[in-house]
Amino acid sequence: LTRPYWSLLARLDGAPVEKLLPLGRRMGLALPEDLTVAGLVKGTLGYSNSAGLAGNVSITDASATMPNVPPLHTGVVNAMMLPGRIHFQPAVIDTPEGTLSASGDYYLSSPQCMAQLDATGFSVDALKKTMNAWFGTPSLLAQLNGGQVNGTFNYIHQQPAAAVWSGQFRFADSTIQPEGIAIPLENAAGEVAFDAANLEVTRFVSKLGQQELHGSYRYLAAT
């Protein structure tokens, strides 16, 4: 006997995205339980027992809300359904805290999540809250309080391993409370490049009381 072939095709034209949220969870998407979404879905979705998932969809006037996190809104999100993964094309997210662009891939079989966030003139505190709600916060960014940040953050999480962050960013007008120092570093600014093993901080300036500090720091893992 030969293996039977079957396929399904769905055409969506203005379907409410919130109605599709339970389907996404059944497909394996690790979505927060307290996530609220809105928007209209348009495109085609197909599935066959030989090729798996396929299709292209767009979500217009998309918004995502979670408790104690600034709401995220974008005019359109475009996604490609590929065998074994979903690719989200870069989308500009409108927030009162600055400009944030997000893109990524979600692998259904691994499961693995990859995301890239590009922040422009974004509030440090708001970015930490947003990141923590969706992915967790990189330890370097967690040490900053207040100020603004510009840069790129890359996130990779393949379960059950711990998530890995990398990126490059600039920060300004921030406060840092180093361990073992009673007085915080104020008006801190600098440039940071990091990954799971390496860290480089350049053009660092701050104030410790009335003393102005300048410096740089580099840590490279042994090879």
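## Ground rules

Residues here are called buried when their relative accessible area is under 20%, exposed when it is over 50%, and partly exposed in between, using a 1.4 Å probe and protein chains only. By that scale Arg-85, at 26%, is partly exposed. The model you are looking at is predicted: local features need pLDDT of at least 70, side-chain atom pairs count only at pLDDT 80 or more, and totals for chains, interfaces and linings use all residues. Residues are numbered from 1 along each chain as its sequence is written, and side-chain values use heavy atoms, with hydrogens and water left out.

Helices and strands are DSSP runs numbered from the N terminus, with at least four residues of H or I for a helix and at least two of E for a strand.

## Three salt bridges

The structure holds three salt bridges, each being a side-chain nitrogen of Lys or Arg within 4 Å of a carboxyl oxygen of Asp or Glu. In one of them, Arg-85 pairs with Asp-105, and their closest N and O atoms are 2.4 Å apart. This pair links distant parts of the chain, with Arg-85 in strand β5 (residues 85-95) and Asp-105 in strand β6 (residues 98-107), 20 residues apart. Asp-105 is buried, at 14% relative accessible area.

Glu-191 and Arg-203 also meet through their side chains, at 3.5 Å from N to O. Glu-191 is partly exposed at 27%, while Arg-203 is exposed at 66%. Glu-200 forms a salt bridge with Arg-218, and the closest N and O atoms lie 2.8 Å apart. Strand β12 holds Glu-200 and strand β13 holds Arg-218, 18 residues apart in the chain. Glu-200 counts as partly exposed, at 28%, and Arg-218 as exposed, at 55%.

Most residues other than glycine have a negative phi, and most peptide bonds are trans. Where does this model depart from that pattern? The peptide bond from Gln-159 to Pro-160 is cis, with omega near 5°. Pro-160 sits in the loop between β9 (148-158) and β10 (164-176).

Asn-187 is not a glycine, yet has a positive phi of about 50°; it belongs to strand β11 (residues 185-194) and is partly exposed, at 48% relative accessibility. Arg-203, the salt-bridge partner of Glu-191, has a positive phi as well, near 55°. You will find Arg-203 in strand β12 (residues 199-208).

## The second largest pocket

Rolling a probe the size of a water molecule over the atoms shows where empty space is left. On a 1 Å grid over the protein atoms alone, a pocket is an open set of points where a 1.4 Å probe fits, with protein on both sides within 12 Å along at least five of seven lines, and its lining residues have an atom within 4 Å of a point. The second largest pocket has a volume of about 300 Å³, where volume is the space filled by probe spheres set on the points, and points are joined across faces, edges and corners. Fifteen residues line this pocket, and those closest to its centre are Leu-140, Gln-143, Ile-176, Val-201 and Phe-204.

Which strands supply at least two residues each to the lining? They are β10, β11, β12 and β13 (211-219). The lining divides into twelve nonpolar residues, three polar and no charged. In this count Ala, Val, Leu, Ile, Met, Phe, Trp, Tyr, Cys and Pro are nonpolar, Asp, Glu, Lys and Arg are charged, and the others, Gly among them, are polar.

Asp-118 lies in strand β7 (residues 112-123) and is partly exposed, at 23%. Leaving aside residues up to four places away in sequence, Asp-118 touches Thr-99, Leu-100, Ser-101, Gly-151 and Thr-152, a contact being heavy atoms within 4.5 Å. A polar contact of 2.5 Å joins its side chain to that of Thr-152, and another, of 3.1 Å, reaches the side chain of Gln-116. Such a contact is a pair of N or O atoms within 3.5 Å; within protein, one must be able to donate a hydrogen and the other to accept it, and residues adjacent in sequence count only if both atoms are side-chain atoms.

Is Thr-130 buried or exposed? Thr-130 is buried, with a relative accessible area of 6%. Thr-130 is part of helix α2 (residues 124-134), and beyond residues up to four places away in sequence, Thr-130 touches Val-69, Pro-70 and Leu-72.
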